[in-house]
Amino acid sequence: MQTEAQKRAQRKYRSTAKFKLSLQRRESRRAKKLQDKRKELLGRFGNRCFICLRSPHYLAFHHLSYDNAYSYKHRGSYKQAMILKEIEAHPESFRLLCSPCHSIVTTILKDESALARLQQVVRVEQGS
Ligand SMILES: [Zn+2]
């Protein structure tokens, strides 16, 4: 149990520049760690989109089934860490996708009739 004096001293310390700097450093160490882990996982997935095989700057890990996505209720860097952990533990549940391909996939997932329309478009463009 903290005394009032201890609580006051702690509040005072937490308002100092030194404490704020240590928080910032801890946060940037955490961010760097997440970045490195993400990079490593991107490498394991071949650094390219599963569908179009391109390697644009931004690639997203797409979860094949959201049923067991218990970790998605968290937020911020903690959430990101949980997702990376999930990808590492169950890589078979994920596909790496570029933004355009990810957008098509999520459109079809939201509305299955979009797939039939997409197939019409592809057929028209192939000229058959
Ligand atoms: Zn793609």
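Modeller: Helices (H or I, at least four residues) and strands (E, at least two) are DSSP runs, numbered from the N terminus. The model discussed here is predicted.

Biologist: How many helices and strands are there in the protein, and in what order do the elements run?

Modeller: The protein holds five helices and two strands. Read from the N terminus, the order of these elements is α-α-β-α-β-α-α.

Biologist: Which element of the protein has the lowest mean pLDDT?

Modeller: Across the protein the pLDDT averages 89, and 89% of the residues score at least 70. Strand β2 (residues 94-98) has the highest mean among the elements, 97, whereas the lowest, 86, belongs to helix α5 (residues 113-126).

Biologist: In which loop is asparagine 47 found, and is asparagine 47 buried or exposed?

Modeller: Asparagine 47 sits in the loop between α2 (17-44) and β1 (59-63). Because asparagine 47 has 11 C-beta neighbours inside 10 Å, asparagine 47 counts as exposed.

Biologist: What is the phi of leucine 53?

Modeller: Most residues other than glycine have a negative phi. Asparagine 47 has a positive phi, near 55°. Leucine 53, which lies in the loop between α2 and β1, is not a glycine either, yet its phi is positive, at about 65°.

How values were computed: Residues are numbered from 1 along each chain as its sequence is written. This is a predicted model: local features need pLDDT of at least 70, side-chain atom pairs count only at pLDDT 80 or more; totals for chains, interfaces and linings use all residues. A residue is buried if 20 or more other C-beta atoms lie within 10 Å of its own, exposed if 12 or fewer, and partly exposed in between; C-beta atoms are placed from the backbone. pLDDT is the predictor's confidence in each residue, from 0 to 100.
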